[in-house]
Amino acid sequence: MSVAAKSDATKLSDAEIVEAYLTASMVPDPDRAASYMKPGTIITFTGGREFDHPRGPTGFNAARYRWVKKKMDRFDVCPGPSETVVYSIGTLCGEWIDGTPFEGNRYVDRFVVRGGFIVKMDVWNDSAERILVRRGIEA
């Protein structure tokens, strides 16, 4: 059963919390995404940009992409005594701001989940490298 199909009353696993967050982020519905985060959570985005709400990455992405979606290939779950680290690994697809389509852009998102809420998120992907190549810059 997909996370979206589960009742809100059903307790989600830490990986399902991450999947639900990412699914809401892709709509994009940053307020729904924020419901899976503890208030004050810091999202460290590509390039070291920090945001305190999912609206931050949504706004940043709007300047880079016409649209972007994640193909979530897998979740690696690393439980600990007081928190769980969940990695979402996959690829991005979408259109650059000029309308050029892309796919296969690798990403890794690292989440720390504690007490049923995301308390930290780190984001990495190949978009900057791809933008350099599009501009004829070999990095």
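This is a predicted model: local features need pLDDT of at least 70, side-chain atom pairs count only at pLDDT 80 or more; totals for chains, interfaces and linings use all residues.
View 1. Strands of a sheet pair through backbone hydrogen bonds, in either a parallel or an antiparallel arrangement.

**View 2. Strands β3 and β4.** β3 and β4 run antiparallel and are joined by 13 bridges. β3 covers residues 65-79, and β4 covers residues 84-96. Within this pairing, Trp67 stands opposite Glu95 in β4.

**View 3. The hairpin of β4 and β5.** Strand β5 takes in residues 101-114 and runs antiparallel to β4, with eleven bridges between the two. Across the pair, Leu92 faces Asn105, the latter in β5. The hairpin has four residues between its strands. Gly99 in this hairpin adopts a positive phi near 95°.

**View 4. The hairpin of β5 and β6.** On to the next pair: β5 is joined by eight bridges to β6, residues 117-125, and the two strands run antiparallel. Arg110 is placed opposite Asp122 in β6. Two residues lie between the strands of this hairpin. In the turn, Gly115 has a positive phi of about 60°.

View 5. Six aromatic pairs are found in a search of the whole structure. One of them is formed by Phe45 and Phe60, with an edge-to-face geometry of 5.5 Å centre to centre and 80° between the planes. This pair links distant parts of the chain, 15 residues apart: Phe45 belongs to the loop between β1 (37-44) and β2, and Phe60 to helix α3. Both Phe45 and Phe60 are buried.

**View 6. The stacked pair of Tyr65 and Trp96.** The ring centres of Tyr65 and Trp96 are 5.5 Å apart and their planes stand at 25°, so the pair is stacked. Tyr65 lies in strand β3 and Trp96 in strand β4, 31 residues apart, and their pair links distant parts of the chain. Tyr65 is buried, as is Trp96.

**View 7. Surroundings of Trp96.** Trp96, a residue of strand β4, has a relative accessibility of 5% and therefore counts as buried. With neighbours within four places in sequence left aside, Trp96 is in contact with Arg64, Tyr65, Arg66, Phe102, Asn105, Ser127, Arg130, Ile131 and Arg134. The C-alpha atom of Trp96 is separated by 9.8 Å from that of Asn61, and the two residues are 35 residues apart along the chain.

**View 8. Lys70 and the ring of Tyr107.** Lys70 is positioned over the face of Tyr107. The distance from the ring centre is 4.4 Å.

**View 9. His53 in the loop between β2 and α3.** His53 is located in the loop that connects β2 (50-51) with α3 (55-64). Its relative accessible area is 16%, and His53 is therefore buried. Not counting residues up to four places away in sequence, His53 touches Pro30, Asp31, Ala34 and Ile43.

**View 10. Thr44 in strand β1.** Thr44 is part of strand β1. Its relative accessibility of 15% is under the 20% limit, so Thr44 counts as buried. Residues up to four places away in sequence aside, Thr44 touches Arg49, Glu50, Lys120, Met121, Asp122 and Val123. Of these, Asp122 in β6 also stands opposite Arg110.

View 11. A disulfide is a covalent bond between the sulfur atoms of two cysteines. A search of the whole structure finds zero disulfides. Cys78 has a relative accessible area of 38% and is partly exposed. Cys93, at 27% relative accessibility, also counts as partly exposed.

Definitions and conventions. Residues are numbered from 1 along each chain as its sequence is written. Side-chain values use heavy atoms; hydrogens and water are left out. Two strands pair if DSSP finds at least two bridges between them. Buried means under 20% relative accessible area, exposed over 50%, partly exposed in between (1.4 Å probe, protein chains only). Contact means heavy atoms within 4.5 Å. Rings of Phe, Tyr and Trp (its six-membered ring) pair if their centres lie within 6.5 Å; planes under 30 degrees apart count as stacked, over 60 as edge-to-face and the rest as tilted. A charge sits over a ring if NZ of Lys or CZ of Arg is within 6 Å of the ring centre and within 35 degrees of the ring normal. A disulfide is a pair of cysteine sulfur atoms within 2.5 Å.
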